[in-house]
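Here are some notes on the model, written as numbered points. Please keep the structure open while reading them.

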Amino acid sequence: MKANLNQLSFTDIYSNIDEYFQQDKPKLIKLFEQHIDLQSLIPQSFYNHYHADTGHPRIYKLSSMIAASILKSMLSIADTSLFINILNLSSELRDICGFTTVPNASQFSRFKINFEKDLKTFFDSLVEITEPICNKIDSYLNNILIVDTTGIEAHVNENNPKKFDTLLRQSKVFGKDIPNFNAHSYTCSKMPKVAYANPEIKLSYMNGHYCYALKTSIVTNGLGIIRDIDFLNDETTDITESATASEAKDKYDSKSLIPTLNKFFSKHDFKYKYFLGDAGFDAVDNYKYLYKDKNIIPVIPLRRAPSSPMPGFNENGIPTCPNDINLPMKFDGITREKGRSDRIKWLCPKSKKTIINGKTQYILTCESPCTTSKCGKIYQVPIDNNIRMHTVVPRNSDEWNTLYKKRTIIERTNFMLKYPLALQYTKLNNTESLKSEIILSAITQLIVVLIASDINDTQNILSIKKIIA
């Protein structure tokens with residue numbers, strides 16, 4: 001049975017866009033016209049730089065260039081030339097942007113290259129504007145800070161699978177007589193460390209595979225709304241021949257957190273209760289920074305469980321019953337006293353806490369207690385002794401598991417940036433252009449947050465299509 005395959009032509013693409021406007025022409029236009037005033041949202045410094053960069057009046061307004069870039073992301077169009085063709089055919093899109101004539105590809109390209117830092121300033125101002133909205137939607141989730149690292153793959157020859165496949169075949173021929181020869185690892189070691197077209201695009205282990213990408217740290221709240229974007233290019237995070245893929249990724253994650261958050265908190269005076277991060281952030285310096293410097297409770301799984309736990313503790317840093325090492329003690333809160341380090345209070349697992357006549361009492365059910373205390377053994381562990389193991393929220397507790405499940409929201413945000421907003425399909429290799437594309441995608445998300453708030457549709461805050469469709 002033959003499948004009926006039809007090649008998608010440009011005419012089909014335009015017809016779909018045109019049909020979209022004909023079905024609900026007013027909606028997208030109304031959403032922008034009624035709820036978004038870009039001219040008032042753009043920082044004055046951006047206007048100053050935009051108009052100071054030339055000796056004569058610009059043909060296109062700044063708000064028009066930004067509006068076009070936002071619509072390009074909303075419509076999931078990665079290719080600028082294709083978007084220009086659609087603009088030329090669609091008067092409705094030109095009206096939204098405020099274009100009488102359409103800029104050419106080089107004008108869009110120069111805009112992204114010349115004003116990357118200004119776009120970041122615009123994004124930062126939108127973060128401030130949307131913070132009260134996020135707090136109103138869900139103050140608990142807005143009190144959670146999440147960071148993840150990802151990579152936006154550049155359009156360079158080294159990312160072509162054919163290049164790797166050619167090297168892999170050569171490696172197999174080279175190692176066919178060598179015992180235990182790993183052709184894949186050998187091929188990875190022979191790949192160039194930087195892209196020929198742009199040395200700033202480096203070989204990385206990102207997104208589950210080796211690629212040449214712009215390494216990026218994404219900061220969101222518990223709602224999945226982007227709060228910051230940071231581009232790190234620290235030599236200490238580069239892949240070396242001595243590092244495995246996972247080691248290189250973990251090294252990048254662990255070293256990127258503090259610089260990323262330092263930049264974030266230098267711009268925004270936001271307070272958070274919890275930090276959620278994957279095991280790549282499992283480093284003592286990160287725990288100290290979060291808990292001691294920023295008063296944020298870290299919720300980070302161990303990268304590797306200790307092979308030899310401390311005596312009297314299990315692999316999660318929880319003390320165990322003296323009579324049964326398989327029986328963990330129960331978390332009973334944090335003890336805070338002036339002049340003393342914060343301590344985690346652990347209670348005998350066979351002791352029950354009750355309230356009688358307004359007073360806290362403990363009932364011990366152990367048949368062979370290890371202490372004469374009526375409440376059983378109580379153990380208070382100073383957090384300073386080992387801040388990585390003695391976490392404020394005990395690992396594997398109900399609270400820990402409930403919190404950590406919320407970390408996956410940032411994966412949805414990363415997916416949204418790369419696919420619905422078309423970052424994964426971009427054909428750019430210039431560093432500033434790539435950065436601008438990422439920032440513009442984040443700006444698009446925050447613009448949708450403003451629209452969703454105005455139309456009281458915050459349930460779909462992470463679904464651009466549901467709001468504008």
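1. Helices (H or I, at least four residues) and strands (E, at least two) are DSSP runs, numbered from the N terminus. By that count the protein has 17 helices and 13 strands. The model is predicted: local features need pLDDT of at least 70, side-chain atom pairs count only at pLDDT 80 or more, and totals for chains, interfaces and linings use all residues. Residues are numbered from 1 along each chain as its sequence is written, and side-chain values use heavy atoms, with hydrogens and water left out.

2. Burial and contacts. A residue is buried under 20% relative accessible area, exposed over 50%, and partly exposed in between (1.4 Å probe, protein chains only). The protein has 469 residues, and 49% of them count as buried. Contact means heavy atoms within 4.5 Å. Among contacts with a separation of 6 or more, 66% are between residues 24 or more positions apart.

3. Cavities. A cavity is a set of points, on a 1 Å grid over the protein atoms alone, where a 1.4 Å probe fits but cannot get out; lining residues have an atom within 4 Å of a point. Grid points are joined across faces, edges and corners, and a volume is the space filled by probe spheres set on the points. Searching the whole structure gives five cavities of 30 Å³ or more, and the largest cavity holds about 80 Å³.

4. Which residues line the largest cavity? They are Ser 69, Lys 72, Ser 73, Thr 80, Phe 108, Lys 112, Glu 437 and Leu 440. Two or more lining residues come from each of α4 (62–74), α7 (105–114) and α16 (431–454), and α4 gives the largest share, with three. Ala, Val, Leu, Ile, Met, Phe, Trp, Tyr, Cys and Pro count as nonpolar, Asp, Glu, Lys and Arg as charged, and the others, Gly among them, as polar. On that basis the lining has two nonpolar, three polar and three charged residues.

5. Is Lys 120 buried or exposed? Lys 120 is buried, because its relative accessible area is 14%. This lysine is part of helix α8 (residues 116–137). Apart from neighbours within four places in sequence, Lys 120 is in contact with Asp 228, Ile 229, Lys 267 and Ile 439.

6. Positive phi. Most residues other than glycine have a negative phi. Ser 76 is not a glycine, yet its phi is positive, about 55 degrees. Ser 76 sits in the loop between α4 and α5 (80–89) and is partly exposed at 31% relative accessible area. Asn 295 also has a positive phi, near 55 degrees. Asn 295 belongs to the loop between α13 (284–293) and β6 (297–299), and its relative accessibility of 60% makes it exposed.

7. One sheet. Two strands pair if DSSP finds at least two bridges between them. An open sheet of three strands has the order β9-β10-β13, with antiparallel pairing. Five bridges join β10 (residues 343–347) to β13, and Leu 347 is opposite Ile 378 in β13.

8. A link across the sequence. Asp 138 is in the loop between α8 and α9 (139–142) and is partly exposed, at 26% relative accessibility. Asp 138 and Leu 223 are 85 residues apart along the chain, with 7.8 Å between their C-alpha atoms.

Methods
1 Å grid on protein atoms, 1.4 Å probe; cavity = no way out; pocket = protein on both sides within 12 Å on 5 of 7 lines; lining within 4 Å.
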